[in-house]
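Colleague: I have this model open and would like to learn how to read its features one at a time. Could you take me through them?

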Amino acid sequence: MPTTPAPAPADGLLTAARRNLRELAHGLSHMSHPATPLLSGAPRLWQRLIPYAAVVALTAALLPVTLTVLAHDHHVPGAVAAAVAVAQAAPLLMLAHRPLQAWWIVFPADLLGALVLLAREGGPHLAWPWPPPTLIGYLFVLLALGLRETRTTVVAAWLANGAAGLLLFLVAPGRADGSALLLFLLGGVVVVIGAAVRERGVAQRRLAEQETISEDERARRTLLEERTRIARELHDVVAHHMSVITVQADSAPYRIAGLSDEARGEFAAIAASARESLTEMRRLLSVLRSEDVRGERAPQPGLDRLAPLVEATVRAGTPVDLSVAVAQAEVPTAVDLHAYRIVQEALANVVRHAPGAATRVSVRAEDGALTVLVVNGPADGPVAPLETTGTGHGLVGMRERVRLTGGTLDTGPLAEGGFRVAARLPLDPAAAPLPPEEQDQ
């Protein structure tokens, strides 16, 4: 059976060389970024103007020097010297925002200048093929390319200059003074510096983007954890009401005389539906509960537990003044639980971030809503807080609890120092607006 001969090593090398040449040509013909200037994202105007000022100063310095070197040192005619000087120096104004296009003008202009100087008589102290102004200008072009373009593009521009210098040396080896080799070596150093600065900037931007993404993910995870915890707590509240419905439906045939068979069957269906709902709620709770969270057997707290909570805070070294002006019978169970948790989170934040600060807690019912107010002053003396960094879960949990009840929350620092938490929870669940995601349904 005939076999296909393996490709010769020379063919592989030629293929790789052609591929690399195509990449270099593509890099020199395609910009890797929009035509935006350097430091365009700087916050201050004077910082954004620095690249423009730099290229204007560079062009203003090199243009007359190039003209002087061509006209007086190499005795190039005035019109030709002016044209070459403008072609070599004027494109440097583009380095701030279009360095690749500037290279496409400067590089042919430098070659043209070398050929013009070759036609003139050279002296022993005259540089060729790259006079000092040409050499300096091209180094700045390479630096601008290194700061904006990809590594392939910068290497292609550097190699193109090296190849041009080698070709000119072969054409007139007696005129060459080593400036071509000097530009090639210095250009390599500039390319490395520019590429290093550019890649460092790219790495910093990517790191900032990842940190932003991480902060967003952390905030989203915190919100989901708080919603899960609130859902577990509300399970007890809803389960209590469902249990009452079940008991009432089961006992109705015994408490009410003269019920028809249809009514007895209806009560039995209500009880069965309530039991099924309880079963589904327990299954949902098992999904929401993480593996490391044990079952909470204690009943959910309410406003009747505010006094022990305040006493515990006072024992921790934070003076608290409690004022409750509401009958607990007026408060729905869910609002009762959320009000307690809001006070608990607010006092915990005071203990964490302003230990020893005088704190006032006020809970009262007015205008069909329960108002919860927790205000603390500045810390008592220059004491370090118990925790220098907070998790932020407290405010997130407060917002979610207020959102579920259709209320409002106002939090923020005080002008004289301290912090204020004010929540307003409607006492009538039917009158409270639905959460935004349920309104859209």
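Colleague: What percentage of the residues of the protein chain count as buried?

Modeller: Buried means under 20% relative accessible area, exposed over 50%, and partly exposed in between, with a 1.4 Å probe and protein chains only. Of the 441 residues here, 36% count as buried. Do keep in mind that this is a predicted model, in which local features need pLDDT of at least 70 and side-chain atom pairs count only at pLDDT 80 or more, while totals for chains, interfaces and linings use all residues. Residues are numbered from 1 along each chain as its sequence is written, and side-chain values use heavy atoms, with hydrogens and water left out.

Colleague: How many helices and strands does the protein chain have?

Modeller: Helices (H or I, at least four residues) and strands (E, at least two) are DSSP runs, numbered from the N terminus. This chain has twelve helices and five strands. As for contacts, the term means heavy atoms within 4.5 Å. Among contacts with a separation of 6 or more, 72% are between residues 24 or more positions apart.

Colleague: Which residues have the most contacts inside the largest nonpolar core?

Modeller: A nonpolar core is a set of buried Ala, Val, Leu, Ile, Met, Phe, Trp, Tyr and Cys residues joined through side-chain atoms within 4.5 Å. The largest one here has 39 residues, and Leu-95, Trp-103 and Tyr-138 have the most contacts inside it. At least two residues each come from H2 (45–73), H3 (78–89), H4 (99–119), H5 (132–148), H6 (151–171) and H7 (179–255). H4 gives the most, with eight residues.

Colleague: What is Leu-95 in contact with, leaving aside its neighbours within four places in sequence?

Modeller: Leu-95 is in contact with Val-55, Leu-58, Ala-102, Phe-140, Val-141 and Ala-144. There is also a second, separate core of 25 residues, which includes Val-310, Leu-347, Val-361 and Leu-425.

Colleague: Now for helix packing. At what angle do the axes of H3 and H4 cross?

Modeller: Axes are lines fitted to C-alpha atoms, for helices over the stretch in contact, and angles run from 0 to 180 degrees between N-to-C directions. Angles under 35 degrees count as roughly parallel, over 145 as roughly antiparallel, 65 to 115 as roughly perpendicular and the rest as oblique. The axes of H3 and H4 cross at roughly 150 degrees and come within 8 Å, which makes H3 roughly antiparallel to H4.

Colleague: Is the crossing of H3 and H4 left-handed or right-handed?

Modeller: A crossing is left-handed if the near helix is turned anticlockwise from the far one by less than a right angle, and right-handed if clockwise. H3 passes H4 in a left-handed crossing. Val-80, Val-84, Ala-87 and Gln-88 of H3 meet Ile-105, Val-106, Ala-109, Asp-110, Gly-113 and Val-116 of H4. For residue classes, Ala, Val, Leu, Ile, Met, Phe, Trp, Tyr, Cys and Pro count as nonpolar, Asp, Glu, Lys and Arg as charged, and the others, Gly among them, as polar. This contact has seven nonpolar, two polar and one charged residues.

Colleague: And how do H2 and H3 pass each other?

Modeller: H2 passes H3 in a right-handed crossing. Their axes come within 9 Å and cross at roughly 150 degrees. Residues in this contact include Leu-62 and Leu-63 of H2 and Ala-81 and Val-84 of H3. By class, the contact divides into eleven nonpolar, three polar and no charged residues.

Colleague: What is the angle between H4 and H6?

Modeller: H4 and H6 pack at about 10 degrees, with their axes 12 Å apart, which makes H4 roughly parallel to H6. Among the residues making the contact are Trp-103 and Phe-107 of H4 and Ala-157 and Ala-160 of H6. The classes are twelve nonpolar, two polar and no charged.

Colleague: Let me turn to the backbone. Which residues does a cis peptide bond join?

Modeller: Trp-128 and Pro-129, with omega about 10 degrees. Pro-129 lies in the loop between H4 and H5.

Colleague: What is phi of His-75, and where is this residue?

Modeller: Phi of His-75 is near 55 degrees, a positive value in a residue other than glycine. His-75 is in the loop between H2 and H3 and counts as exposed at 53% relative accessibility. Asp-367, not a glycine, has a positive phi of about 55 degrees. Asp-367 lies in the loop between strands E2 (359–366) and E3 (369–376), and counts as exposed at 70% relative accessibility.
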